[in-house]
Amino acid sequence: MRIVQIVSLAVVAVGLVVLLSAPIGPLPGVFIGGTDTPPPATWPDTSGVDEIRLKAPGAIPRVVIIWVIDVAGELYVVGMKESGWTRRIGDGAPVEVRIGDATYAIEARLVEEGGEAILTAYAAKYEPNYPDIVAGLPSMQDAPEVASIYRLDRG
C-alpha cells in the first residue's frame with residue numbers, strides 16, 4: 001500500500017512539473033526553452049511554421065503556443081482580448097518568442113491600424129490545414145471588439 005502511495009505521488013509530481021514547465025496544447029506553461037538569440041535584422045521565413053511559443057511577462061510568466069503570420073516582413077500574433085496572455089501584454093510589453101530553437105527577447109506592440117489585412121493573411125495561412133478553427137474565428141466586423149493583434153517588434 002505504501003508503494004502505491006509513493007508511486008501515485010511521484011506520478012502527480014511529474015505531471016505538475018510537465019504542466020508548469022512547458023505549454024501543452026491550450027494549457028500555458030512557464031518555461032519557453034530554446035537558445036537565447038539576438039533578434040534578427042529580418043525575421044526568418046515562417047510560411048511553413050504553424051506555431052511559435054510566446055512568453056508573456058508576469059510574476060509567474062505565461063508561455064503559450066500560438067499561431068504566427070508574416071505580413072510585409074513583420075510577424076504578428078492574434079489573441080482574444082480576455083485571454084490571460086493578452087491581458088498581461090495590454091497595449092504592449094516585452095515578451096520572448098521561440099521560433100524553432102531560437103528564443104528572441106523582443107517587444108509585442110498592439111496594432112491599432114491595418115488589422116484587417118493581418119487578419120485576412122492569418123485566415124488565408126491557416127484555413128487550409130485548420131478549417132474548423134478558422135471558421136470559428138470572429139468576423140472582420142467583430143474582431144476589433146474581441147481580438148488583439150500584436151506586432152512582434154525586433155527593436
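## Arg154 and Glu74

The side chains of Arg154 and Glu74 form a salt bridge, with 3.6 Å from N to O. A salt bridge here is a side-chain nitrogen of Lys or Arg within 4 Å of a carboxyl oxygen of Asp or Glu. Arg154 sits in the segment after strand S8 (147–153) and Glu74 in strand S5 (residues 74–80), so the contact ties together parts that are 80 residues apart in sequence. Strands (E, at least two residues) are DSSP runs, numbered from the N terminus.

Glu74 is partly exposed, at 23% relative accessibility. Partly exposed lies between buried (under 20% relative accessible area) and exposed (over 50%), with a 1.4 Å probe and protein chains only.

## Basis of the values

This is a predicted model, in which local features need pLDDT of at least 70 and side-chain atom pairs count only at pLDDT 80 or more, while totals for chains, interfaces and linings use all residues. Residues are numbered from 1 along each chain as its sequence is written, and side-chain values use heavy atoms, with hydrogens and water left out.

## Other salt bridges

The count of salt bridges by this rule is 5. One of them pairs Lys55 with Glu96, whose closest N and O atoms are 4.0 Å apart. This pair links distant parts of the chain, 41 residues apart: Lys55 belongs to strand S2 (residues 51–56) and Glu96 to strand S6 (residues 92–99). Glu96 has a relative accessible area of 24% and is partly exposed.

Arg98 and Asp101 also meet through their side chains in a salt bridge, at 3.6 Å from N to O. Asp101 is partly exposed, with 47% relative accessibility.

Terms used:
Helix = DSSP H or I, 4+ residues; strand = E, 2+ residues; numbered from the N terminus.
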